[in-house]
Amino acid sequence: MIHQQAAKGLVSPVIVAIDKQDLNSALTLADSLDPKLCRVKVGKELFTRCGPSIIEALHQRDFEVFLDLKFHDIPNTTAQAVLAAADMGVWMVNLHASVGLDAMALAKQRLVDNGHNTLLIAVTVLTSMTEKTLSQIGVESDVESQVKRLALLTQEAGLEGVVCSANEAASLKALCGPDFKLVTPGIRLLDDSKDDQKRICTPEEAIANGSDYLVIGRSITTASNPRQKLQYIVNDCLN
Ligand code: C5P
């Protein structure tokens with residue numbers, strides 16, 4: 001597959017969030033980036049609007065894709081959705097760890113059985129959730145304990161890692177070990193706008209905390225020259 005060949009040797013930890021509403025603006029943004037310097041993330045809004053055509057178009061441009069659809073369903077449906085993503089050739093896909101141990105393990109097994117090496121990661125607790133929102137859905141533990149519990153469950157199920165805040169990365173690395181991948185959004189340079197993110201880290205801080213992949217959206221996508229900003233982050237901040 002073209003994208004897998006193109007990605008050989010890609011060492012950049014940056015995943016640019018393509019948070020656009022239609023194919024044209026998503027591809028205009030992609031064309032302002034460089035697949036040798038980043039991967040890209042396609043989320044629920046863009047995928048629901050464009051479908052697999054956005055993935056194909058990004059692969060044609062040699063980008064590796066993180067399909068961020070956060071699947072959450074009964075075990076067979078979750079596993080089949082993960083397999084469908086892998087069949088499209090995406091590099092990484094995710095589900096909610098709250099589907100449970102057996103469902104996560106089944107999804108991983110479905111990938112293995114079909115010869116896919118697609119990275120499968122889990123969302124522990126959404127960063128929009130607080131102790132109050134957890135309590136409202138019957139989870140009586142604090143956010144940090146719940147994140148740790150679900151990260152360990154994800155690891156036990158054989159998945160590659162979790163999405164987490166870069167502020168949680170150090171403690172999760174200590175808990176789960178160096179091979180467990182941490183994918184962290186909420187990244188801003190010191191002079192960027194925070195937008196709606198509350199707890200942010202710079203790229204340097206995120207890597208120092210143990211992040212393996214940095215999901216960066218507006219810091220790059222709203223820059224006057226996204227390619228230059230991406231180059232600056234990869235070459236100056238992370239080297
Ligand atoms: O523009 P910004 O850098 O804030 O974008 C971050 C991206 O990461 C968005 O696509 C957002 O939906 C996603 N994300 C996040 N926080 C999470 C999980 C995903 O910001 N906990």
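Colleague: How far apart should the ends of helix α6 (residues 101-113) be?

Modeller: At 1.5 Å a residue, the 13 residues of α6 should span 18 Å, and the end C-alpha atoms are 18 Å apart, which agrees. Bear in mind that this is a predicted model.

Colleague: Which residues of α6 are buried?

Modeller: The buried residues of α6 are A103, M104, A107, K108, R110 and L111. These residues lie on the same side of α6, because they cover an arc of only 155° around the axis. As a general idea, an α-helix has 3.6 residues a turn, so residues three or four places apart point the same way.

Colleague: What does the face of α6 turned away from its buried side carry?

Modeller: That face carries the exposed residues D102 and D113.

Colleague: What do the buried residues of α6 pack against?

Modeller: They pack against α5 (75-87), β4 (92-96), β5 and α8 (143-156). Just after α6 comes G115, with a positive phi of about 70°.

Colleague: How are the strands arranged in the closed barrel?

Modeller: Eight strands form the closed barrel in the order β1-β2-β3-β4-β5-β6-β7-β8, with parallel pairing. From one strand to the next, the twist averages 25°. A122 has V162 in β6 as its bridge partner.

Colleague: Is C176 buried or exposed?

Modeller: C176 counts as buried, because its relative accessibility is 9%.

How values were computed:
Residues are numbered from 1 along each chain as its sequence is written. This is a predicted model: local features need pLDDT of at least 70, side-chain atom pairs count only at pLDDT 80 or more; totals for chains, interfaces and linings use all residues. Side-chain values use heavy atoms; hydrogens and water are left out. Buried means under 20% relative accessible area, exposed over 50%, partly exposed in between (1.4 Å probe, protein chains only). Two strands pair if DSSP finds at least two bridges between them. Helices (H or I, at least four residues) and strands (E, at least two) are DSSP runs, numbered from the N terminus. Axes are lines fitted to C-alpha atoms, for helices over the stretch in contact, and angles run from 0 to 180 degrees between N-to-C directions. The expected span of a helix is 1.5 Å times one less than its number of residues. The arc is that of the directions from the helix axis to the C-beta atoms. Contact means heavy atoms within 4.5 Å.
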